[in-house]
Amino acid sequence: SRVVETIREAVRQRSAYDIECRILRRPSAEETWIAVTGQVLPDASGQPRQITGVMFDITERKQAETALQQSEAQLRTITDALPGLIAFVDREERFRFVNAGYERHFNLSSDRIIGRSVAELMKEEYDGVRPYIQRALNGEQVSFETTVKGPAQEETLLATYVPERTSEGAVAGWYILVTNLTE
């Protein structure tokens with residue numbers, strides 16, 4: 001098993017080990033996740049003498065991680081299917097989430113947008129939206145229309161910025177929803 005092989009390798013390397021694995025509990029065949037962590041203890045000559053370790057039941061954590069992954073996948077599917085641009089920008093004005101609409105609009109993959117600043121991505125349009133960004137960072141939900149250069153013509157867009165607050169009430173960033181009003 002992977003646990004046994006990890007411990008054997010720790011003995012060969014004379015090092016600590018950490019592993020997470022799934023086990024089936026008998027007789028119910030209930031799935032349980034455990035984290036195993038330990039250390040190989042040497043004798044006076046440096047040879048492995050004994051192995052210490054502890055196991056933790058991490059089933060609830062794994063179930064929560066799975067539920068979170070499923071929720072994130074559902075959110076991604078929904079936001080990518082919408083006809084607008086949806087994003088989350090943090091307090092430092094860096095993109096942390098963008099939907100497929102953002103990728104199409106800027107002709108960049110999400111990994112080329114995430115981490116970039118609003119000013120860097122929007123270039124000359126940034127000065128026009130900066131006052132609205134400040135209002136969102138001050139905790140105000142704001143909507144405004146703006147005109148930008150599109151690939152074939154000027155486009156009229158409706159942008160809505162919705163502040164996201166931490167549990168302490170501080171603004172952590174804002175959500176962006178942009179819809180095209182040109183037609």
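Is Phe106 buried, partly exposed or exposed, and what is its relative accessible area? In this predicted model, local features were taken where pLDDT is at least 70 and side-chain atom pairs were counted only at pLDDT 80 or more, while totals for chains, interfaces and linings use all residues. Residues are numbered from 1 along each chain as its sequence is written, and side-chain values use heavy atoms, with hydrogens and water left out.

Phe106 is partly exposed, with a relative accessible area of 24%, where buried means under 20% relative accessible area, exposed means over 50% and partly exposed lies in between (1.4 Å probe, protein chains only). Tyr132 and Phe144 form a stacked aromatic pair, 3.8 Å centre to centre with 5° between the planes; rings of Phe, Tyr and Trp (its six-membered ring) are taken to pair if their centres lie within 6.5 Å, with planes under 30 degrees apart counted as stacked, over 60 as edge-to-face and the rest as tilted. This pair links distant parts of the chain, since Tyr132 belongs to helix H6 and Phe144 to strand S6, twelve residues apart; helices (H or I, at least four residues) and strands (E, at least two) are DSSP runs numbered from the N terminus. Tyr132 counts as partly exposed at 24% relative accessibility, whereas Phe144 is buried, with a relative accessible area of 6%. Tyr132, Phe144, Tyr161 and Trp174 form one aromatic cluster.

The structure holds six aromatic pairs. Another of these, formed by Tyr102 and Phe106, is stacked at 5.7 Å centre to centre and 20° between the planes. Both residues lie in helix H3, four residues apart, which is about one turn of the helix, and Tyr102 counts as buried at 5% relative accessibility. Elsewhere, Lys62 lies over the face of Trp33, 4.7 Å from the ring centre, a charge being placed over a ring if NZ of Lys or CZ of Arg is within 6 Å of the ring centre and within 35 degrees of the ring normal.

The largest pocket contains about 690 Å³ of space. Of the 32 residues that line this pocket, Leu85, His105, Phe106, Val148 and Leu157 are the closest to its centre. A pocket is here an open set of points on a 1 Å grid over the protein atoms alone, where a 1.4 Å probe fits, with protein on both sides within 12 Å along at least five of seven lines, and lining residues have an atom within 4 Å of a point. Helices H3, H5 and H6 and strands S6, S7 and S8 each supply at least two residues of the lining.

Strands S7 and S8 pair in the antiparallel sense over nine bridges, two strands being paired if DSSP finds at least two bridges between them. Leu157 stands opposite Asn180 in S8, and the two strands form a hairpin with five residues between them, in whose turn Gly169 has a positive phi of about 95°. Strand S4 (residues 85-90) is joined to S8 by six bridges, and the two run antiparallel; Phe88 has Tyr175 in S8 as its bridge partner.

Strand S2 (residues 30-42) and strand S3 (residues 48-57) likewise pair in the antiparallel sense over nine bridges, with Thr37 opposite Val54 in S3. In their hairpin, which has five residues between the strands, Gly46 takes a positive phi near 95°, and this glycine counts as partly exposed at 27% relative accessibility.

Conventions:
Points joined across faces, edges and corners; volume = space filled by probe spheres on them.
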